[in-house]
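This report looks at charged side-chain pairs and at one packing of helices. Please have the sequence and the model open while reading.

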Amino acid sequence: QAQTMLDIAYKNSQRLTHLINDLLDMEKLAAGKMRFNEETVALMALVEQSIESTRAYAQQYQVNLVLVSRLDGVQVTVDGSRLQQVLSNFLSNAAKFSPKGGQIEINVNQFESLVRVSVQDHGPGIPADFIDRIFHKFSQADSSDIRRKGGTGLGLAISKELIESMNGTIGFSSAPESGARFYFNLPISTNERSIGNLTLTTTEVPHES
């Protein structure tokens, strides 16, 4: 009985911690006081780290995370920890709304000078009356089943602010009973180096065939 009570207290304290952190992040973003430590980094390393750090959470829902397509060599200029925060939000949301035994697919693809990372689940999809509010603060769909999943209603709003602060864009697509796909696009970083009077620009990504 004591162990059960401790488990409940621990889970509730975790929820409170997440809520406080989300509120603090939202306040900093709104005030323009959030610090970004941007550097040019390998995108795939951040994606793989985010998947591994979320895998145990997904297993609680009996959901498997699968990296379907990758883009080795691509570099982006971002705050790595903030980008992982966005990815973790996408992945944890997808796990919560996936059916037991379901699968979440992660894809990394190139679109001209942009790289897109997308997370696809196979849950109930996004209610039509919620689509216009999905990136609003404290927004949650009205379905009682969805509300039982928990959450602060801040994760996607914070993710949008973070991605846009790193010169990216964010979006989603959904169909009833066919799941939802959330994604972000980021500019691919390039390196310039000079040889005599000639400047060479190298894009740090292989072109897809």
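Arg70 is partly exposed, because its relative accessibility is 36% and partly exposed residues lie between the buried limit of 20% and the exposed limit of 50%. The model is a predicted one. Arg70 pairs with Glu48 in a salt bridge, where the closest N and O atoms are 2.8 Å apart. This pair links distant parts of the chain. Arg70 sits in the loop between strand S2 (64-69) and strand S3 (75-78). Glu48 belongs to helix H2 (residues 43-60), and the two residues are 22 residues apart. Glu48 is partly exposed, with a relative accessible area of 30%.

Arg70 also forms a salt bridge with Asp72. Here the closest N and O atoms are 2.8 Å apart. Asp72 has a relative accessibility of 42% and so counts as partly exposed. Side chains of opposite charge can pair when their charged atoms come close.

## A pair within helix H2

Which side chain does Arg55 meet in a salt bridge? The partner is Glu52, with an N to O distance of 2.9 Å. Both residues lie in helix H2. They are separated by about one helical turn, because they are 3 residues apart in that helix. Arg55 is partly exposed, at a relative accessible area of 23%.

How many salt bridges does a search of the whole structure find? The search finds 4. Among them are Arg70 with Glu48, Arg70 with Asp72, and Arg55 with Glu52.

## Helix H3 against helix H5

Helix H3 covers residues 80-96, and helix H5 covers residues 155-165. Their axes come within 10 Å. The axes cross at roughly 145 degrees. Is the crossing of H3 and H5 left-handed or right-handed? The crossing is left-handed.

Which residues meet across this contact? H3 brings Arg82, Leu83, Gln85, Val86, Asn89, Phe90 and Asn93. H5 brings Gly155, Leu156, Ile158, Ser159, Leu162 and Ile163. By class, the contact of H3 with H5 has 7 nonpolar, 5 polar and 1 charged residues.

Notes. Residues numbered from 1 in each chain as written. Predicted model: local features only at pLDDT ≥ 70, side-chain atom pairs only at ≥ 80, totals over all residues. Heavy atoms only, no water. Axes fitted to C-alpha atoms, helices over the stretch in contact; angles between N-to-C directions. Helix = DSSP H or I, 4+ residues; strand = E, 2+ residues; numbered from the N terminus. Left-handed = near helix turned anticlockwise from the far one by under 90°. Contact = heavy atoms within 4.5 Å. Nonpolar A, V, L, I, M, F, W, Y, C, P; charged D, E, K, R; others polar. Buried < 20%, exposed > 50% of the residue type's maximum accessible area, 1.4 Å probe, protein only.
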